[in-house]
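Q: I have a structure open and would like to go through some of its side-chain contacts with you. Could you take it step by step?

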Amino acid sequence: MTTPPAQPRRVLHALDATLITVGAMVGSGIFQTPADIARRVGSTTAALTVWALGGALSLLGVLAVAELGAAYPDSGGLYVHLRRAFGPGVAFLLGWTLLTVLLPSSVAYFSLVTAGHLAPLLHVPAPTLSVVVLVVVTAVNLTSVRAATSLHDVTTALRVLALVAVALAALFATPAPAALTPAPPVHAMSLLGAVIPVLWAYDGWMELPSLAGEMKRPGRDLPRALVAGTLAVTAIYLLVVYAFHRTLGTAALAGAQAPGAALGRALAGSRGEVGLSVLVATSTFGACVVGMLTAVRGIAAMGASGDFVRALGRLGPRGTPDRATLVAAVLALAYLRTPLGRLGEIFVLGAWPFYALGGVAVIVLRRKDPDTPRPFRMPWYPWPAVAFLLSTAAVIIAFVRMAPRASLLSLALIAAGIPVGWLWRLRRR
């Protein structure tokens with residue numbers, strides 16, 4: 001008599017879901033991107049406008065994945081949704097991209113950033129520490145979904161409280177003289193161009209639906225957590241960006257190579273600089289945990305559906321996709337040897353085409369599968385999905401123009417999945 005395969009355990013509550021959303025979005029972007037935006041727009045008001053617009057555009061995507069995740073509460077998230085909407089071929093391309101590009105590049109990136117900020121404090125070589133970070137994250141995710149989410153919840157609560165404390169300290173500190181100087185008006189095209197890196201800083205709201213199969217009440221909690229988490233992150237980002245401009249001044253912020261360290265130094269000297277380094281490391285470590293936790297579910301869904309190696313979809317005795325996790329960890333170790341900047345570039349173009357398809361999937365499944373109960377329905381349908389599709393197309397076009405080599409590499413890795421998927425389906429037949 002064979003033992004039935006282990007099933008995901010529905011253990012996640014509403015608070016877990018909200019913290020996962022917030023933690024997936026708040027990575028290292030908020031510590032570096034404000035300087036980039038300051039260089040582009042040169043004004044505190046314009047910078048705040050750009051960050052608010054980025055939050056609004058992200059919310060459009062959130063409304064799309066909230067409807068899909070509540071209607072189809074299975075582990076795997078976007079992979080499951082694209083398979084239902086467009087068939088196994090398109091879904092396989094996402095799973096292939098998750099396996100070969102998105103998961104290993106993002107986890108390696110966050111491991112390297114974490115190690116880079118902690119290595120000087122711990123007097124440990126950064127390459128060695130990045131491997132340790134990756135091993136710890138993998139071990140925690142293999143233990144159980146509850147262990148991984150508990151660790152992530154703690155790191156998320158700590159970094160959110162620390163971010164708010166830093167922002168409040170900046171509000172009561174003496175402002176930089178340049179911060180009070182009126183800035184010239186900003187051209188509308190400059191504002192639109194600055195939205196692109198801001199959208200990357202908001203990235204992470206797509207992660208929660210991957211865990212819908214492990215949530216206790218996904219139909220109710222998933223949409224609420226996505227919307228509440230995105231609004232909370234938008235508010236935190238606006239507060240922190242204002243703190244950067246008020247404390248450093250727009251011109252000094254624009255010229256800062258390490259704006260987070262500069263803000264900490266301006267607020268509390270060398271101790272503040274160390275504190276901000278620890279805060280950045282905590283943020284990227286939490287992003288590393290949740291990246292491994294959520295993206296692995298998409299790879300496991302690909303294996304469980306038979307679209308690729310079935311071993312990837314098997315769950316261990318603790319209910320975790322242990323084989324997919326180990327394969328992802330090995331690939332991330334290989335990515336650790338890739339230059340840090342290129343990791344971010346590879347991730348961006350690999351992810352956003354599938355985000356666009358997620359917006360289209362809402363429209364397709366409303367027509368293809370109208371009888372499925374939808375605990376949450378996108379308001380003002382279909383206009384948020386159309387607006388999200390257009391904004392996503394703008395992100396992709398802008399990135400291709402800005403980084404053509406990285407774009408070609410990402411597209412080549414994605415395109416390699418076409419013959420692999422065809423051969424795999426031929427083998428099955």
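Q: Let's start with S58: which backbone oxygen lies 2.9 Å from a polar atom of its side chain?
A: That is the backbone oxygen of G54, which lies 2.9 Å from a polar atom of the S58 side chain; a polar contact here is a pair of N or O atoms within 3.5 Å, where within protein one must be able to donate a hydrogen and the other to accept it, and residues adjacent in sequence count only if both atoms are side-chain atoms. This is a predicted model, in which local features need pLDDT of at least 70 and side-chain atom pairs count only at pLDDT 80 or more, while totals for chains, interfaces and linings use all residues. Residues are numbered from 1 along each chain as its sequence is written, and side-chain values use heavy atoms, with hydrogens and water left out.

Q: Is S58 buried or exposed?
A: S58 is buried, because its relative accessible area is 2%, and buried means under 20%, exposed over 50% and partly exposed in between, with a 1.4 Å probe and protein chains only.

Q: Where does S58 lie, and what is it in contact with?
A: S58 lies in helix α3, residues 44-71; helices (H or I, at least four residues) and strands (E, at least two) are DSSP runs, numbered from the N terminus. Leaving aside neighbours within four places in sequence, S58 is in contact with L199, Y202, W205 and T230, contact meaning heavy atoms within 4.5 Å.

Q: What about the backbone oxygen of W96, which side chain has a polar atom 2.8 Å from it?
A: That is the side chain of T100, a residue that is also placed in helix α5. T100 is buried, because its relative accessible area is 18%.

Q: Salt bridges next: how many are there by this rule?
A: The count comes to 11 salt bridges, each being a side-chain nitrogen of Lys or Arg within 4 Å of a carboxyl oxygen of Asp or Glu. One of them joins E214 and R297, whose closest N and O atoms are 3.0 Å apart. The pair links distant parts of the chain, with E214 in the loop between α8 (188-202) and α9 (218-248) and R297 in helix α11, 83 residues apart. Both E214 and R297 are buried.

Q: Which residues form a salt bridge with D221?
A: R217 forms one with D221, the closest N and O atoms being 3.8 Å apart, and R220 forms another, at 3.0 Å. D221 is buried, because its relative accessible area is 2%, whereas R217 is partly exposed, with a relative accessible area of 44%. R220 is partly exposed as well, since its relative accessible area is 36%.

Q: Last topic, the surface: which residues form the nonpolar patch?
A: L121, L122, V274 and V278 form it, with about 300 Å² of accessible area together, and α5 (88-122) and α11 (259-304) each supply at least two of its residues. Patches are made of residues with over 30% relative accessible area and no salt bridge, like charges being joined within 9 Å and nonpolar side chains (Val, Leu, Ile, Met, Phe, Trp, Tyr) within 5 Å; accessible areas come from the Shrake-Rupley method with a 1.4 Å probe, and for residues only the protein chains shown count as cover. L121, found in helix α5, is partly exposed, because its relative accessible area is 35%.
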